[in-house]
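Subject: Structure handover

Hello,

Here is the structure we talked about handing over, with notes on what was found in it. Please read the notes with the model open beside you.

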Amino acid sequence: MGRITEDLIRRNAEHNNCVIFSLEELSLHQQEIERLEHLDRWCRDLKILYLQNNLIAKIENVSKLKKLEYLNLALNNIEKIENLEGCEEAKLDLTVNFIGELSSVKSLQHNIHLRELFLMGNPCADFEGYRQFVVAALRQLKWLDGKEIERSERIQALQNFPEIERQIREQERAYCLKRAKDKKEAQRKLQEEHEHEEEGSRPDFDSPTSAESKGHLQAPEAQGGDPTKKLGDSEDDLEFWNKPSLFTPESRLETLRHMEKQRKDQEKLSAKKKKVKAPRTLITEDGRALNVNEPKLDFSLKEDEKRNQIILDLAVYRYMDTSLINVDVQPTYVRVMVKGKPFQLVLPAEVQPDSSSAKRSQTTGHLVVCMPKVGEVVAGGQRASKFVKRTLDRGREQTQERSKQTEKLEVDPSKHSFPDVANIVQGEKHRPRRVRPEPEVIPSEEDPDFEDNPEVPPLI
């Protein structure tokens, strides 16, 4: 059976960064909670509270939640509406409970902000005049069981309220008597079951070799299982589910206990059949680390040259609780335990474990591990400076050797010592343009009309 603990609330408050004092919405459904506690002290700012499908028998410790707007207590073991006077919720869901005292609805008359109420599936919903009684008792209500309350309906319910209230009181008394008998019968059955279990668990002291024979009989049972025992268990299970039973809080608890017993028996049986796996080898005998990815997660390993570090991005499940992840950074490898399964990766360079950091990405949920390298910045700078010095020294030596081996040109003193400026540029020699002599025009004897006029200049 479950209880409301701080750890349970934090695990359901991941949407609020696991901070519980400022939590506005909380879902604790299907947790097998039997009692409402601690919420009025730990989560004062709650606006929406889901507590459906639990085993809560009494409404309590929620009257201090002044900001509560919606309270869902469907599918529980509540038999009476109480302790909600200080709440200001606008919507209250009590579907499928065991509320038989319909007159307890009057405790909600001072909840002036209450607009919606769900009581379907309760014994009181079968009472004659149930809806008229609730509509007349809670005048601030606008919706009942998902159906809007009309003005004419309320007027009629108020007119007939005295008669309806008398009928409801009589039906309540009949239900309370029947409920008392059911409680006694349930307690008697529970006591018989306990006595039967105690008799079955007593050891047999008649035979001195009973322990030895029991030990010999358990060996084959652990190996293959006893088919007759399995058949008997299945028959008992069928008998339990086929047995008619009343819908009461006690029957719900009995069903839950039966299911819990079945689950434990199944776990024991599977534990016997399950072979013990050899522990996975993470480091060899000679001290060499191995690459292991048992959780089968995607990952990427990058080197950040600017910050001189190695970054591991491990794609863990986005909505998985961070408490299920354990990171261990070593100088030559990194190991991450994800729900007990190891992920180990050998690093390409030595890192500083003390300066490493691990965090979850707020967008993807991935695990990002930053591991700074060991002394790479200083060593790299020294190597670079030494390399530059060596190249400069070599360049100077080469220039000195060239200067020593310089060839000198010999000049023939017999030739002119002054350079010929005109012949520096080699090419075609520029010749001055000369005017061609004018050709003499000799008149042709064949032209009879030719006249030689000396005043006319010659044609060029």
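**Sheet**

An open sheet is built from four strands, ordered S9-S10-S15-S14, with antiparallel pairing. Its edges are strand S9 (299–304) and strand S14 (357–360); each has a single partner strand, so one side of each has no neighbour in the sheet. On average, and ignoring direction, neighbouring strands here are turned by 15° against each other. Please keep in mind that this is a predicted model.

S9 and S10 run antiparallel and are joined by six bridges. Within this pairing, Leu301 lies opposite Leu312 in S10.

Leu324 sits in the loop that links strand S10 (309–314) to strand S11 (325–329). Its relative accessible area is 38%, so Leu324 counts as partly exposed. Apart from neighbours within four places in sequence, Leu324 contacts Met337, Val338 and Lys339. For Met337, the separation from Leu324 is 13 residues in sequence and 7.9 Å in space, C-alpha to C-alpha.

**Helices H3 and H4**

Helix H3 (residues 130–137) packs against helix H4 (residues 151–159) at an angle of about 95°, and their axes are 8 Å apart. H3 is therefore roughly perpendicular to H4. On the H3 side the contact is made by Arg131, Gln132, Val135 and Ala136; on the H4 side, by Glu153, Arg154, Ala157 and Leu158. Sorted by class, this contact has four nonpolar, one polar and three charged residues.

**Salt bridges**

Side chains of opposite charge can pair when their charged atoms come close. The structure has 17 salt bridges.

Arg166 takes part in a salt bridge with Glu163 (2.3 Å, N to O) and in another with Glu170 (3.0 Å, N to O). Arg166 and Glu163 are three residues apart in helix H5 (residues 161–201), which means about one helical turn between them. Glu170 and Arg166 are four residues apart in H5, again about one helical turn. Arg166 is partly exposed at 41% relative accessible area, as are Glu163 at 39% and Glu170 at 40%.

Further along, the side chains of Asp182 and Lys178 form a salt bridge (3.5 Å, N to O). These two are four residues apart in H5, or about one helical turn. Is Asp182 buried or exposed? Asp182 counts as buried, because its relative accessibility is 16% and the cut-off for buried is under 20%.

Regards

Key. Residues numbered from 1 in each chain as written. Predicted model: local features only at pLDDT ≥ 70, side-chain atom pairs only at ≥ 80, totals over all residues. Heavy atoms only, no water. Buried < 20%, exposed > 50% of the residue type's maximum accessible area, 1.4 Å probe, protein only. Contact = heavy atoms within 4.5 Å. Pairing = 2+ DSSP bridges. Axes fitted to C-alpha atoms, helices over the stretch in contact; angles between N-to-C directions. Parallel < 35°, antiparallel > 145°, perpendicular 65-115°, else oblique. Nonpolar A, V, L, I, M, F, W, Y, C, P; charged D, E, K, R; others polar. Salt bridge = Lys/Arg side-chain N within 4 Å of Asp/Glu carboxyl O.
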